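Here is a walk through one protein chain. Keep the sequence and the 3D view side by side as you read.

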Amino acid sequence: MVRNGDLDGLMASAERFVTMFHIENGAGPPDRRLGQIRREIAATGSYWHTPAELTFGARVAWRNSARCIGRLYWDSLRVRDRREVAGAPEIAAESVAHLREATNHGQIRPVVTVFAPDAPGRPGPRILNSQLVRYAGYETAGGAITGDPANAAITRLARALGWSAGWAAGRFDILPLLVQGAGALPTPHELPADAVLEVMIKHPEFGWFANLGLRWHAVPAISDMFLDIGGVRYPAAPFNGWYMCTEIGARDLGGAIRYDQLPVIAEHMGLGTASERTLWKDKASTELNLAVLHSFTTAGVTISDHHTESVRFLRHVEREERQGRACPSPAPAAHRGQDHTGQSPNFYRHEAPACVTELGPGDAPAGQGPGQPGQPGQGEPGHGPERGYGSSLAYAAALGVPESRFLE
C-alpha cells in the first residue's frame, strides 16, 4: 500500500522535474502536464515519463553527476528507452546491444539504457555487476586473488549460481552479467565475445611492456547505480562515457588493491623500490598511463587524458560564467569543492545486496538486504526535508532560472 505522504513526496519531485523540463526546453507552462501526472499518481501510485522527459532526465542526471568529468558531454548522451523490459534474459540481451552501440568500432558513444522502473509494491530489475564488463577475481585457498580483487565478491556469486569460465582461472576472464529480473533471483548471462572490445596494453618505447600481458576493455558502462528522475526510480540504467587513461593506469592496473602492476613495472625499469622517497611509484605510474593512452590511441579507441579534460572543463566553466550563469550546466562549480550530489535527476549507488557482500564459497544466493547507507551518492534520494513553494511556476520563480538548476 502506498501512503499519502509518499504520494505527496512523489508529486513534489515530479513537479520540480517537470517544471525544469518545461523551462529548459521552452515547452511553456507545465500546468496541464502536472495535472495529468497528479491524476496518474492518484490512480496508480506512480507515473510514466514521456519519451522526451526520459531523454532529458537521463541527460540531466549525467550533467548532475559531480564526480564524473565526462559529464561535460551530457547533451550528447544517447538514451535507449527500454522501460518495457523487466526479464533477466531480455535485459542481458539489451545490455549486449548497449555495448555494441556504445563501442561503435572504437569511436565510443555515450549511451544509457533505461529498463523498467520500480512500481508500488514491486521492485524493478537490477544488474548486480558494477560495470557491464568486469574481469573476474578468483580467490585461492591461500587468500590470494587471481584477476581483479575488486570483483572477488561478484565472482563468488557468479560461481555459486553455476558460472564457470570453462578454463583455468586467468587474470582477465570476463564475468557474466548477473541480472535480477523483477521479483526474481539473479541469473548469470554470458557476454558474447564480439560485444566486448579489449585493448592490449603496449608501451611506445619499452618492448618488454607487451610481455606483461595487460589489457583493458574499451567501454566503462556503469551498471550498479539507479537513475532517479522526478521521484521515479529506474533500478537498472547502465550508462557510459569513455575512459580517461588514469582511470585504467593509475586506478585499475596500477592500484595496490587492484592489479598492483607498479612494482612489476618498476622492476623492469630498474627502479629502486626500497624507499618511497625515490618516487618510484610516480615514475612507474607515468609510464603505465602513457602505455594505456598510447595503446588505446593506436587501436583507434576513444580515450582522453586528465590534463586535456581538466583544461577543457575549466574553460567551459569560465565561458558559462562570462555568459552570466553562476551555476554552469555540467556539475556547476564542482572544481571549487562544492558538493552537488543532491541535484536531481541523478544517478545513485545502490545499497550492496546481501547476496554479494555475504555469500560464502558454495553458499546459495541470499535475498537482498541492507548495504552501507550514508556514503556520498548512495541510498535513496529525496530524503531531505521537503520545501513548499506552492505552484510549479512559483517554485521556479522563487529559485531563479537557470541559476538554481532546481536543487532539491
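This is a predicted model, so start with its confidence, which pLDDT reports residue by residue on a scale from 0 to 100. The chain has a mean pLDDT of 83. Of its residues, 78% reach 70 or more. Two stretches need caution. Over residues 357-390, pLDDT stays under 50. The model still gives that stretch 54 contacts beyond four places in sequence. Residues 398-408 also stay under 50. For them the model has 34 contacts beyond four places in sequence.

Now the overall make-up. The chain holds 11 helices and 14 strands. It has 408 residues, and buried ones make up 49% of them. Take the contacts with a separation of 6 or more: 67% of them link residues 24 or more positions apart.

Which residues of helix 2 are buried? They are Arg33, Leu34, Gly35, Ile37 and Ile41. Just after the helix comes Gly45, with a positive phi of about 90°.

Move on to the strands. Strand 1 covers residues 78-81, and strand 2 covers residues 111-114. The two run parallel and are joined by four bridges. Helix 4 spans residues 88-103. Together, strand 1, helix 4 and strand 2 make a right-handed β-α-β unit.

Strand 3 and strand 6 are joined by two bridges and run antiparallel. Here Arg126 has Gln180 of strand 6 as its bridge partner.

Leu185 sits in the loop between strand 6 (177-180) and strand 7 (186-189). Is Leu185 buried or exposed? Its relative accessible area is 54%. The cut-off for exposed is over 50%, so Leu185 counts as exposed. Leaving out residues up to four places away in sequence, Leu185 touches Val179 and Gln180. Ala88 is 97 residues away from Leu185 along the chain, yet their C-alpha atoms are separated by 9.4 Å.

Three strands form an open sheet in the order 12-11-14, and the pairing is antiparallel. At its edges are strand 12 (232-234) and strand 14 (346-349), each pairing on one side only. From one strand to the next, the twist averages 30°. Helix 3, residues 51-63, packs on this sheet. The helix touches strand 11, strand 12 and strand 14, and its direction makes about 120° with that of strand 11. Strand 11 covers residues 225-229 and pairs with strand 12 in the antiparallel sense over three bridges. Look there for Leu227, which stands opposite Tyr234 in strand 12.

Methods. Residues are numbered from 1 along each chain as its sequence is written. This is a predicted model: local features need pLDDT of at least 70, side-chain atom pairs count only at pLDDT 80 or more; totals for chains, interfaces and linings use all residues. Side-chain values use heavy atoms; hydrogens and water are left out. Two strands pair if DSSP finds at least two bridges between them. Axes are lines fitted to C-alpha atoms, for helices over the stretch in contact, and angles run from 0 to 180 degrees between N-to-C directions. Contact means heavy atoms within 4.5 Å. A crossover is right-handed if, with the strands pointing away from the viewer, the path from the first strand over the helix to the second runs clockwise. pLDDT is the predictor's confidence in each residue, from 0 to 100. Buried means under 20% relative accessible area, exposed over 50%, partly exposed in between (1.4 Å probe, protein chains only).
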